[in-house]
Amino acid sequence: MPDLAADWHLYAPEFRGHGKSGRVAGGYRLQDYADDTIAFLRQQISEPAVIFGHSLGGMVALLVAAQYPEKIRAVVMGDSPLTAETWLAHLNRNRDGLISWRDLAGGAYSVEEITEALADEWLAQNLYQNDPDMLTILIDEPDRAAAGYDAVVVLPSIRCPVLLLQADPKAGGVLTDAVVEQGLPLLSQPTHVLLEGVSHVLHNEQKEPVLQAITDFLTTL
């Protein structure tokens, strides 16, 4: 954020159930996050914005761009599943890990205890503040969480330029080559960048190539 703030006015809202935002029982569908983001844009932003979303945030960013096109100048999507099917398969593969995260989330354990269990302080700080119910829907009701996230409907509805940042599948990236090939023709103004050697956590692991890709894209707007 400090690098981008030199040229851009940044906002970093936290999703419901994440960080210091409020908790909403049973309200953690992709569409719920999109509705909150659209409300934020309507109330706080006076001109079309560029929205960046990583992983879950990237899917929400695409929904927002499809449903509120007049307020979106461009989208940067960071290694997010482009289809509900891809996301559901990813959740299923990682179900045991999601359960362990839920068991540690919500403040029942200290950040130090979570860090010891996961050997990841950054993740521990996030889980400490997150609502466990936010993970429950991904574990028990993934189809409900993904309702409305249909690539054939969402992607063609996006009018603005979209940068697809693809983490390296060999390094654990979620966005596969096959899904990229499927999704690019559905977008009207796509740009695709493969970040070789960069894992799904993107800027949390290697800031520079991610920042370079984003700044190069922003100069074209």
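This is a predicted model: local features need pLDDT of at least 70, side-chain atom pairs count only at pLDDT 80 or more; totals for chains, interfaces and linings use all residues.
Figure 1. Pro-81 is placed in the loop that runs between β2 and α4. Leaving aside neighbours within four places in sequence, the contacts of Pro-81 are Met-59, Thr-86, Trp-87, Tyr-149 and Val-174. Trp-101 is 20 residues from Pro-81 in sequence, and the two C-alpha atoms are 20 Å apart in space.

**Figure 2. The whole chain.** The protein is built from 12 helices and four strands. Its radius of gyration is 17 Å, close to the 17 Å given by the globule rule for 221 residues, so the protein is as compact as a globular protein of that length. The C-alpha trace spans about 45 × 35 × 35 Å along the principal axes. Of the 221 residues, 43% are buried. Where contacts join residues at least 6 apart in sequence, 71% of them are between residues at least 24 apart.

**Figure 3. Helix α3 and the elements packed around it.** Helix α3 covers residues 56–67, which is 12 residues. From the first C-alpha to the last, α3 reaches 17 Å, close to the 16 Å expected at 1.5 Å a residue. Because 11 of its 12 residues are buried, α3 is largely enclosed by the rest of the structure. The buried residues are Leu-56, Gly-57, Gly-58, Met-59, Val-60, Ala-61, Leu-62, Leu-63, Val-64, Ala-65 and Ala-66. Helices α2, α4 (84–93) and α10 (151–154) pack against the buried residues of α3, as do strands β1 (49–54), β2 (72–78) and β3 (162–167).

**Figure 4. Leu-62 and the nonpolar cores.** The largest nonpolar core contains 53 residues, and the residues with the most contacts inside it are Leu-62, Val-75, Trp-87 and Ile-158. Helix α3 gives the most to this core, with nine residues. When neighbours within four places in sequence are left aside, Leu-62 contacts Val-75, Met-77, Leu-82, Tyr-149, Val-154, Leu-155, Ile-158 and Val-162. Another core, of 13 residues, lies apart from the largest one and has Ala-74, Leu-165, Ala-167 and Phe-217 among its members.

Figure 5. His-200 sits in the loop between β4 (190–195) and α12. Its relative accessibility is 18%, and the cut-off for buried is under 20%, so His-200 counts as buried. The side chain of His-200 is joined to that of Asp-79 by a polar contact of 2.6 Å. Not counting residues up to four places away in sequence, His-200 touches His-54, Ser-55, Asp-79, Ala-167, Gly-172, Gly-173 and Val-174.

**Figure 6. Salt bridge between Lys-207 and Asp-3.** Seven salt bridges are found in a search of the whole structure. In one of these, the side chains of Lys-207 and Asp-3 meet at 3.0 Å, N to O. Lys-207 belongs to helix α12 (residues 207–218) and Asp-3 to helix α1 (residues 2–5), so the pair ties together parts that are 204 residues apart in sequence. Both partners are partly exposed: Lys-207 has a relative accessibility of 39%, and Asp-3 has one of 37%.

**Figure 7. Salt bridge between Asp-36 and Arg-16.** The closest N and O atoms of Asp-36 and Arg-16 are 2.6 Å apart in this salt bridge. Asp-36 is in helix α2 (residues 30–44) and Arg-16 is in the loop between α1 and α2; the pair, 20 residues apart, links distant parts of the chain. Asp-36 is partly exposed, at 31% relative accessibility, whereas Arg-16 is buried, with a relative accessible area of 16%.

Figure 8. Arg-95 and Asp-140 form a salt bridge in which the closest N and O atoms are 3.8 Å apart. Helix α5 (residues 95–104) holds Arg-95 and helix α8 (residues 132–140) holds Asp-140, so the pair ties together parts that are 45 residues apart in sequence. Arg-95 is partly exposed, with a relative accessible area of 34%, and Asp-140 counts as partly exposed at 49% relative accessibility. Elsewhere, salt bridges that share partners join Asp-3, Lys-207 and Glu-208 into one network.

Note on methods. Residues are numbered from 1 along each chain as its sequence is written. Side-chain values use heavy atoms; hydrogens and water are left out. A salt bridge is a side-chain nitrogen of Lys or Arg within 4 Å of a carboxyl oxygen of Asp or Glu. Helices (H or I, at least four residues) and strands (E, at least two) are DSSP runs, numbered from the N terminus. Buried means under 20% relative accessible area, exposed over 50%, partly exposed in between (1.4 Å probe, protein chains only). The expected span of a helix is 1.5 Å times one less than its number of residues. Contact means heavy atoms within 4.5 Å. A nonpolar core is a set of buried Ala, Val, Leu, Ile, Met, Phe, Trp, Tyr and Cys residues joined through side-chain atoms within 4.5 Å. A polar contact is a pair of N or O atoms within 3.5 Å; within protein, one must be able to donate a hydrogen and the other to accept it, and residues adjacent in sequence count only if both atoms are side-chain atoms. The radius of gyration is taken over C-alpha atoms; the globule rule is 2.2 Å times the number of residues to the power 0.38.
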